[in-house]
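Welcome! Take a look at the structure below, and then we will walk through it together.

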There are 2 protein chains.
Amino acid sequence: MKNTEVLEERITAQGCTEHLSAVEDAIYVIGGKWKLKIIIVLQENGNIRFNELQRNIPGISARVLSNELKDLELNGFVKRVVHAEQTPVVVEYISTDYSRTLQPVIMALSNWGKTHKRNIREDAF
Amino acid sequence: MKNTEVLEERITAQGCTEHLSAVEDAIYVIGGKWKLKIIIVLQENGNIRFNELQRNIPGISARVLSNELKDLELNGFVKRVVHAEQTPVVVEYISTDYSRTLQPVIMALSNWGKTHKRNIREDAF
DNA sequence: CAGGATCCTGAGCGATACTG
DNA sequence: CAGTATCGCTCAGGATCCTG
């Protein structure tokens, strides 16, 4: 118990830092206001087109949606499918298998968000 | 908003909106660059003082830490304890029971972040 | 329809200095 | 030690218009 401060820090930070950096990495990729929402909508609807996607995510602008989709595609969460045989060209977005690895995260957040809202309404702490 | 929009949203978004808004609520409270990190450090160390807390969260400034702590306290995640009997005054922060309800979220994020980093290193998609 | 191009604002954040 | 006060910036995100 009477170890030096240096040792204490190293010990407590060790278990911590791991968690800390892992969560940091996760937030870096799926953080932000829209990423997870887009992924959710993409997962619940199979194929979905740009404008319908936008309609399903209240408040997002075309510009932002476009940028986020590029980002998500780069990171392997979304697949962009172009049907060139039609005119005007039809573009569809689908979620990848990899995006499905996020399901535990989404569920945890969703559950927590739900009970949190309930708590807020009851207590007004 | 137009009537058509409202109706469309209600139909397509039905299953989705629930998840969507719950996740949105969660992100609203614990989103941002620092909140979860602070909560993690607070949970791993029992009582912790301001400067030590800052040292445990690489990169955070005093100003930001101070603001975030106020916010977290308002939302019931952190308890601020002042030991007035000493001079200079000692202030300690501890995580609340309520902050422990976030553990599933933290674990999910941490796990995902860990495997994601591994994937990144292997594939370079 | 599926975005791109521009312009713009503001929240969030960082750095530094200062105080009881 | 435990913050506050200022200042200033970056950049995610908003608004609007445009196009193949």
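Which elements of chain A and chain B each supply at least two residues of the surface near DNA strand D? In this predicted model, they are α4 (62–74) of chain A, along with α4, α5 (62–74) and β3 (90–95) of chain B.

Let's start with the residues around DNA strand D. There are 17 of them, and A:Arg63, B:Arg49, B:Ser66, B:Arg80 and B:Tyr93 come nearest.

A polar side-chain atom of B:Ser66 lies 2.5 Å from one. For B:Lys70, an N or O atom of the side chain is 3.3 Å from a phosphate oxygen, and for A:Glu68 the distance is 3.3 Å.

## Where the two chains touch

Now turn to the protein partners. Here 47 residues of chain A are in contact with 49 residues of chain B. Together the chains bury about 4300 Å², with 67% of it on carbon and sulfur atoms. On chain B, the trio B:His19, B:Leu20 and B:Trp112 supplies 16% of the area buried against chain A, more than any other three residues.

In one salt bridge, the side chains of A:Glu18 and B:Lys114 meet at 3.5 Å, N to O. The chain B side that touches chain A takes its largest share, 14 residues, from α2(B). That side consists of 25 nonpolar, 14 polar and 10 charged residues.

Terms used
Residues are numbered from 1 along each chain as its sequence is written. Chains are lettered from A and ligands numbered from 1 in the order in which they are written. This is a predicted model: local features need pLDDT of at least 70, side-chain atom pairs count only at pLDDT 80 or more; totals for chains, interfaces and linings use all residues. Side-chain values use heavy atoms; hydrogens and water are left out. Contact means heavy atoms within 4.5 Å. Buried area is the accessible area (1.4 Å probe) that two parts lose on being put together, summed over both. A salt bridge is a side-chain nitrogen of Lys or Arg within 4 Å of a carboxyl oxygen of Asp or Glu. Helices (H or I, at least four residues) and strands (E, at least two) are DSSP runs, numbered from the N terminus. Ala, Val, Leu, Ile, Met, Phe, Trp, Tyr, Cys and Pro count as nonpolar, Asp, Glu, Lys and Arg as charged, and the others, Gly among them, as polar. A residue is near a molecule or strand if one of its heavy atoms lies within 4 Å of it. A polar contact is a pair of N or O atoms within 3.5 Å; within protein, one must be able to donate a hydrogen and the other to accept it, and residues adjacent in sequence count only if both atoms are side-chain atoms.
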